[in-house]
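Trainee: Please take one part of this model and go through it closely with me, and then connect it to the rest of the chain.

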Amino acid sequence: MPGVFLLSDNNNTLVPLEVGHFVSEDDFQVLLAKFPALLAGDQIDPSNPRRWVLVRREAAIPSEENSGGRWSLDHLFLDQDGVPMLVEVKRQTDTRIRREVVGQMLDYAANCVVYLPVERLKVDFEATCRGNGTDPEATLSGLLGPEPDIENFWLRVKTNLEASRVRLLFVSDAIPPELRRIIEFLNKNMNPTEVLGLELRQFQGPGVRTMVPLVVGQTEEAVQRRNPTSRSLRNWDENSFFADLGTRVSEAELQAARGVVNWMKEKADHIEFGKGKKDGSIFGSGTV
């Protein structure tokens, strides 16, 4: 019997969920391209959640000026501040996830900030929109809000590339401890480049599929260095988390939340509490 359940809206049905697995890396990639919200922008920046548009899947990364692509990056996204995000996806069963993927990603990053012109990003983004049957300007308006300054947005993309202000995101259904330590080390020591990992766990039941994203690699020191205003973030722990939650929900809901956290303690290798200014959060990673 699994330890994760889905309770129906009318509280009459309890659906057991089993740990799901991605059949192929392509399935994984298609999901992220279609639903960028799975990239957990609220965890990456709780004070100003990140939003993204997809520039291209299998984005070509050149190794010299005015050349074609030497490498193929799984996904290239842009956030609302014009920060490029390079995404590389590996399933936990892929042995390259432990070491080879790091060198691969650093190759992509080192060359894209030098040899990838913003004009190519614009062309790729427009081609992606056309392929999805969407309008490029309308897509950027959805990212930037009303009365967007699209010309200024692409100028910021260019400026960010030139300053090496990019985000590197390693995505897997389970990130091994070896990769987690490398991500934390790189994120602590690479500035302004941000290096993060994302575990995307899935649980399946009859007619149900749930996705649970968890960002890893954000040390407090790295967060404060990139964003001095983050010093006002709150260091949550179990006591403060449940004390605050108890003021917002019923006793039954509070006990249900305690049950979930107890299950996480039992099953996960690592438990983390969030840094939200107003809202607490708890994340578990590792063995389920």
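Mentor: A40 is buried, with a relative accessible area of 3%, where buried means under 20%, exposed means over 50% and partly exposed lies in between, using a 1.4 Å probe and protein chains only. Keep in mind that this is a predicted model, in which local features need pLDDT of at least 70 and side-chain atom pairs count only at pLDDT 80 or more, while totals for chains, interfaces and linings use all residues. Residues are numbered from 1 along each chain as its sequence is written, and side-chain values use heavy atoms, with hydrogens and water left out.

A40 sits in the loop between α1 (25-34) and α2 (41-44); here helices (H or I, at least four residues) and strands (E, at least two) are DSSP runs, numbered from the N terminus. Its phi is near 55 degrees, which is a positive value in a residue other than glycine. E58 also has a positive phi in a residue other than glycine, near 50 degrees, but its place is in strand β3 (residues 52-61), and E58 is partly exposed, with a relative accessible area of 34%. Another backbone detail to look at is the peptide bond from N191 to P192, which is cis, with omega near 15 degrees, and P192 lies in the loop between α7 (177-189) and β7 (194-205).

In soluble globular proteins, nonpolar side chains tend to be buried together. The largest nonpolar core here has 38 residues, and those with the most contacts inside it are L86, L121 and W154. Helix α3 (residues 100-115) gives the most to this core, with seven residues. L86 touches, among others, L73, M105, Y108 and V166, not counting residues up to four places away in sequence, where contact means heavy atoms within 4.5 Å. A second, separate core of 20 residues includes L38, L39, L54 and V215.

Definitions and conventions: A nonpolar core is a set of buried Ala, Val, Leu, Ile, Met, Phe, Trp, Tyr and Cys residues joined through side-chain atoms within 4.5 Å.
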